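Open the model in your viewer and have the selection tool ready. We will go step by step, with something to pick out at every stop.

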Number of protein chains: 2
Amino acid sequence: MSNRTEISTLGEFGLIRHLTDKIELKNPSTLKGVGDDAAVLDYTDKQVLVTTDLLLEGIHFDLMYVPLKHLGYKSAVVNFSDIYAMNGRPKQITVSLGISKRFCVEDLEEFYEGIKLACDIYDVDLVGGDTSASRTGLAISITCLGEGEKGKVVYRNGAKETDLICVSGDLGAAYMGLQLLEREKSIFNGEKDFTPDFSGKEYLLERQLKPEARKDIVEVLDQAGIVPTSMMDISDGLSSELLHISKESNVGCRVYEDRIPIDYQTAAMAEQFNMNLITAALNGGEDYELLFTVPLADHDKVSEMKGIKVIGHITKPELGNYLVGRDGGEVELKAQGWNSLN
Amino acid sequence: MSNRTEISTLGEFGLIRHLTDKIELKNPSTLKGVGDDAAVLDYTDKQVLVTTDLLLEGIHFDLMYVPLKHLGYKSAVVNFSDIYAMNGRPKQITVSLGISKRFCVEDLEEFYEGIKLACDIYDVDLVGGDTSASRTGLAISITCLGEGEKGKVVYRNGAKETDLICVSGDLGAAYMGLQLLEREKSIFNGEKDFTPDFSGKEYLLERQLKPEARKDIVEVLDQAGIVPTSMMDISDGLSSELLHISKESNVGCRVYEDRIPIDYQTAAMAEQFNMNLITAALNGGEDYELLFTVPLADHDKVSEMKGIKVIGHITKPELGNYLVGRDGGEVELKAQGWNSLN
């Protein structure tokens, strides 16, 4: 049996102190972290990027199959991903938790372990936040600050006609991982002695439970002297994000089915589930890959880059947004991305 | 009957667009607000202050007696207060909401009206956030960024022996307002035809439902050339905050019962409720007044300032933290502040 220390034994200030007391600040831009009314940062010569996420149990995560350490890691990383998607570098995060009585101190230690691991790997300082009670379940609020170089911050609205559309990594795996976990959960609910069967599907699980932010891609582009004309991270699905870029940039787009990068485990799982693979890759969310556009002149450079695939190009706005199938037929892109309000 | 538009008719992106589409950015430091992966800010020559709050229905607020517009206003203002407490100026906020099915679009419009009103009054830009579903009730996550002048940011840890301890405004009124609302609520729960009786108690209600952040105090001190040696806002109660300053500054303190500023409505209400007035003023939270220390040399300046009261002084740490009663007796200060985890 694991230990269980009730949160009430520490109190609010005691708890946050306990969870954050060994945090070492790594970034010169962090002047003061946890422990005052506000954190104090110095961004001289840099632009400040801010993104925030509110994650609620039962809506954004299911603790039935998400270990708390993974949840902490993912909560942090998805915010880092938003900063990279601006061509920035994450530097600080704040973490606030609402905690129901179900949770004990050890649970929160586990969650913070995940947060701290992510902060270590991505060189980010945890600089604030608080803990309070919650009537139901766990509520996680994370804000991430990052720095952008003046003139190099990349928005969604800069895509130009003839630009190439690129994505990093592969798509649809996180969604398939979620389907897999949901299936095992429903089997588990009916059985007593149950060992989930995940062999050969580790990649799908990892993509769902422990995604990474594409720091490496942003660095590779920078080293090659490429500043994308527009960029987003793929959290709601490729279709949905492409439509954002088209709308914000006032352009259209063509992407090609046979260019969309898909891992073989994703394909195998889609077949097993009898799901349309391309739909999963277009609309499955949470891949946290980067979607970006570069000028046509960068074609040779990006084509050679490992982990980057050119999937289409930007058109005039009146040409709309279409997926070109293997047979040459065109299907209009629709935002069927994951939407917690529907 | 008021209109009720279901949130599902707008969808997640539609909803956030609807709520934020008429926002005009006011601050030169705001380069890009709502609508990308992150907001982009320019804080050249200034330090960046960051504070965040997670507010959960049933824990931090009760919609039975808090109108949504007031809730929006207060949620924003309490974050501004944290920035002023660093001797900073709030400049940007992000607002994320978790919304259960009980709420409709008009409810959120009302909430955002309060947020926008606060932003207008305090010259703050709303630059980001999102909305998602919630399984139960309303969850509000707010992050506020502000600017601090280099060398003039005030922490909790700078109080020195012989410094004067000052507070702005008066204390205990917000707590009495809460008691009053709770009483009327419990009466209301038992009766059908019920009109709450708040006459002569408007100030208490306003302090609870629509607090202000002490922008004016920070400006007056600045104009007088005073940089406090330490400062906090009083959200958990004077006792609790004094102990924070003592601990962080490694000092002790003496405050005088007869110097603690209390409004006559607070006093009248305490008598009516048969509560100890000084306990309410020491431990009642949510006043959002400023507690700060200044060097003894500033005595004449602060004594003349309207809305500021010198309530005691800083001592050596070994002398502890005490309230000196009207009879000269000393009572040790304890943190009995409001704590949602207990």
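**Stop 1: a helix crossing in chain B**

This is a predicted model. Begin in chain B by selecting helix α5 (residues 202-209) and helix α8 (residues 264-273), whose axes come within 8 Å and cross at roughly 100 degrees. Angles of 65 to 115 degrees count as roughly perpendicular, and α5(B) and α8(B) are therefore roughly perpendicular to each other.

Now show the side chains at the crossing. From α5(B), pick Glu202(B), Tyr203(B) and Leu204(B); they meet Gln265(B), Thr266(B) and Met269(B) of α8(B). Sorted by class, this contact of α5(B) with α8(B) holds three nonpolar, two polar and one charged residues.

**Stop 2: the crossing in chain A**

Move to chain A and select helix α5 (residues 202-209) together with helix α8 (residues 264-273): their axes come within 8 Å and cross at roughly 100 degrees. Here, too, the description is roughly perpendicular, for α5(A) and α8(A). On the α5(A) side, look for Glu202(A), Tyr203(A) and Leu204(A); on the α8(A) side, look for Gln265(A), Thr266(A) and Met269(A). By class, the contact of α5(A) with α8(A) comprises three nonpolar residues, two polar and one charged.

**Stop 3: two domains of chain A**

Where they touch, 21 residues of domain 1 of chain A are in contact with 23 residues of domain 2 of chain A.

How much area do domain 1 and domain 2 of chain A bury between them? The figure is about 2000 Å², with 59% of it on carbon and sulfur atoms. To see the main contributors from domain 1 of chain A, select Tyr65(A), Lys74(A) and Tyr84(A): these lose the most area to domain 2 of chain A, together 31% of what that side buries.

**Stop 4: the two chains together**

Finally, zoom out to show both chains.

Which surface do the copies use to meet? They meet through the same surface, because 100% of the interface residues of chain B are also interface residues in chain A.

Key. Residues numbered from 1 in each chain as written. Chains lettered and ligands numbered in written order. Predicted model: local features only at pLDDT ≥ 70, side-chain atom pairs only at ≥ 80, totals over all residues. Heavy atoms only, no water. Contact = heavy atoms within 4.5 Å. Axes fitted to C-alpha atoms, helices over the stretch in contact; angles between N-to-C directions. Helix = DSSP H or I, 4+ residues; strand = E, 2+ residues; numbered from the N terminus. Parallel < 35°, antiparallel > 145°, perpendicular 65-115°, else oblique. Nonpolar A, V, L, I, M, F, W, Y, C, P; charged D, E, K, R; others polar. Buried area = accessible area lost by both parts, 1.4 Å probe.
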